[in-house]
Amino acid sequence: MTAVERRPPGRPRSERSHLAIVQATLELLTEVGYQRLTMEQVQRRAGVGKATIYRRWSSKPELVKAALQHFSIELPIPDTGSLAEDYATIAAAVVAAAKDRDAALLMPRLLADASRDPELHALFYAQLVEPRRRLLRVALERARERGELRADVDIELTIDMLVGPIIYRFLITGGDLAPAAAPAPQLLAALLAGLSPPRRAR
């Protein structure tokens, strides 16, 4: 019998350890926050040896980066030919991913901690914010090329105007993204009224 045949069923031990570590890191980020999080806490929560953690990550920022990468789901960029349809698809995908990852508790804690810690803010932005902004950036740039938006529209500012009210509602409503994102179509419609090219007179 070969070594492969003798291997027990299930995930390889290294993969199981990796998942246990990143999951423990996410749980502790929610419970104690970034500043109070320690590698030793993660080790105890994950049930692994210290060498297992330090062999993969030499510092807390590296470990948290890996945990946030695990938490973030890469979403496809829609291309329906309509900004309204693209935006609705993106909003639905983001809400579904947030529910699947139980973001209601983690995201508000990360937002609060990131506002006080430049190191965490850089990780938070790179791993969780920028990938979502990229989805909207591509959709808006395509819409501008199709003539749905004026040529002089500031894409980055438009992203802020689309996302800002949803984040505000997300925090005010207690971290439930579904009702927070419900007015997304109305937000887009209101913005398009000012961002669309003027209609030509017949």
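The largest nonpolar core contains 32 residues, and those with the most contacts inside it are Ile21, Leu29, Val42, Val64 and Leu110. A nonpolar core is a set of buried Ala, Val, Leu, Ile, Met, Phe, Trp, Tyr and Cys residues joined through side-chain atoms within 4.5 Å, where buried means under 20% relative accessible area with a 1.4 Å probe and protein chains only. This is a predicted model, in which local features need pLDDT of at least 70 and side-chain atom pairs count only at pLDDT 80 or more, while totals for chains, interfaces and linings use all residues. Residues are numbered from 1 along each chain as its sequence is written, and side-chain values use heavy atoms, with hydrogens and water left out.

**Nonpolar cores**
- Helices here are DSSP runs (H or I, at least four residues), numbered from the N terminus.
- Not counting residues up to four places away in sequence, Ile21 touches Val42, Ala46, Val48, Thr52, Ile53, Trp57 and Leu63, contact being heavy atoms within 4.5 Å.
- A second, separate core has 24 residues, among them Leu83, Ala97, Leu135 and Ala181.

**Largest pocket**
- About 810 Å³ of space lies in the largest pocket, a pocket being an open set of points on a 1 Å grid where a 1.4 Å probe fits, with protein on both sides within 12 Å along at least five of seven lines.
- Its lining (residues with an atom within 4 Å of a point) has 33 residues, and the closest to the pocket centre are Val94, Met107, Arg132, Val163 and Ile167.
- Helix 8 gives the most to this lining, with 9 residues.

Methods: Points joined across faces, edges and corners; volume = space filled by probe spheres on them. Helix = DSSP H or I, 4+ residues; strand = E, 2+ residues; numbered from the N terminus. Buried < 20%, exposed > 50% of the residue type's maximum accessible area, 1.4 Å probe, protein only.
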